[in-house]
Amino acid sequence: MEQTFDYVHELLNRQMALRAKIEESPIAGDINMIYGQDFYQEEVRAMGLAMIRDGWDLEGEQLIQDYVAEHYPERTNDELIWINKMMHYLEAVTDTFIDNLRAAGYKWLQGNVDMPNENALFYPVHEIDEFGALSAKLGINNLIDLKNSDELENLQGWIYYRSGSK
């Protein structure tokens, strides 16, 4: 029980830091969180998947599902599908994987959470999408330039391909 408290405590600290960044932004009042593009949801997803990878399967899944049930109740089944996909398709960040992404023409890794975060989920992109652009406006550090070896050094997290991006 104490171990799961540590995960939740870290999550709450990260969400408070995220809230501060968002509230400091001049565009804070214009932000409309939607399912799959909700900065707080992404923090919950990253932590929930970390719990699952660390053997706390039910607790990690419940953490994610509780957030979705509260904020997007019509999407709980979609979230179960998402969790299942992530547990099957996440790849560890390795030098070889990064080299393969560069060879395939990808320019960026776009993360789902503010960095640094060892539980970040990245997906490769050729161009920065709307979520990435909004993140940059808010000062959320979630873009990794694949040409910049300094940004890639000691990068932790997991990579997956978004539907239609491979």
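**Group meeting: a walk through the model, starting at the pocket**

The largest pocket has 21 residues in its lining, and those nearest its centre are Met86, Tyr160, Tyr161, Arg162 and Ser163. Before I go on, please keep in mind that this is a predicted model. The volume of that largest pocket comes to about 510 Å³. Helix 4 supplies the largest share of the lining, six residues. Helix 2 and helix 4 are each the source of at least two lining residues.

The largest nonpolar core has 29 residues, and Ile22, Phe39 and Leu49 have the most contacts inside it. At least two residues of this core come from each of helix 1 (2-24), helix 2 (39-53), helix 3, helix 4 (76-89), strand 3 and helix 6 (130-138). Helix 2 contributes the most, with seven residues. Another core, of 15 residues, lies apart from the largest one, and Ala120, Ile144, Leu155 and Ile159 are among its members.

Next, a residue in helix 3. Gln65 sits in this helix, which covers residues 57-71. Is Gln65 buried or exposed? Its relative accessibility is 12%, and buried means under 20%, so Gln65 counts as buried. Setting aside neighbours within four places in sequence, Gln65 makes contact with Thr76, Glu79 and Leu80.

Now to helix 5, residues 95-103, where Phe97, Ile98 and Leu101 are buried. These three lie on the same side of helix 5, because they cover an arc of only 100° around the axis. Asp95, Thr96 and Ala103, on the other side of helix 5, are exposed. What covers the buried residues of helix 5? The cover includes strand 1, strand 2, strand 3, helix 7 (149-152) and strand 5 (158-159). After helix 5 comes Gly105, which has a positive phi, near 90°.

Let me follow strand 2, which takes in residues 108-111 and runs antiparallel to strand 4, with three bridges joining the two. Strand 2 also pairs with strand 3 (residues 121-125), again in the antiparallel sense, over four bridges. Which residues stand across from Trp108 in these two pairings? In strand 4, the residue opposite Trp108 is Asp145. In strand 3, the bridge partner of Trp108 is Val125.

To go back over the main points: the largest pocket takes six lining residues from helix 4.

Methods
Residues are numbered from 1 along each chain as its sequence is written. This is a predicted model: local features need pLDDT of at least 70, side-chain atom pairs count only at pLDDT 80 or more; totals for chains, interfaces and linings use all residues. Side-chain values use heavy atoms; hydrogens and water are left out. Two strands pair if DSSP finds at least two bridges between them. Buried means under 20% relative accessible area, exposed over 50%, partly exposed in between (1.4 Å probe, protein chains only). Contact means heavy atoms within 4.5 Å. The arc is that of the directions from the helix axis to the C-beta atoms. A nonpolar core is a set of buried Ala, Val, Leu, Ile, Met, Phe, Trp, Tyr and Cys residues joined through side-chain atoms within 4.5 Å. On a 1 Å grid over the protein atoms alone, a cavity is a set of points where a 1.4 Å probe fits but cannot get out, and a pocket is an open set with protein on both sides within 12 Å along at least five of seven lines; lining residues have an atom within 4 Å of a point. Grid points are joined across faces, edges and corners, and a volume is the space filled by probe spheres set on the points.
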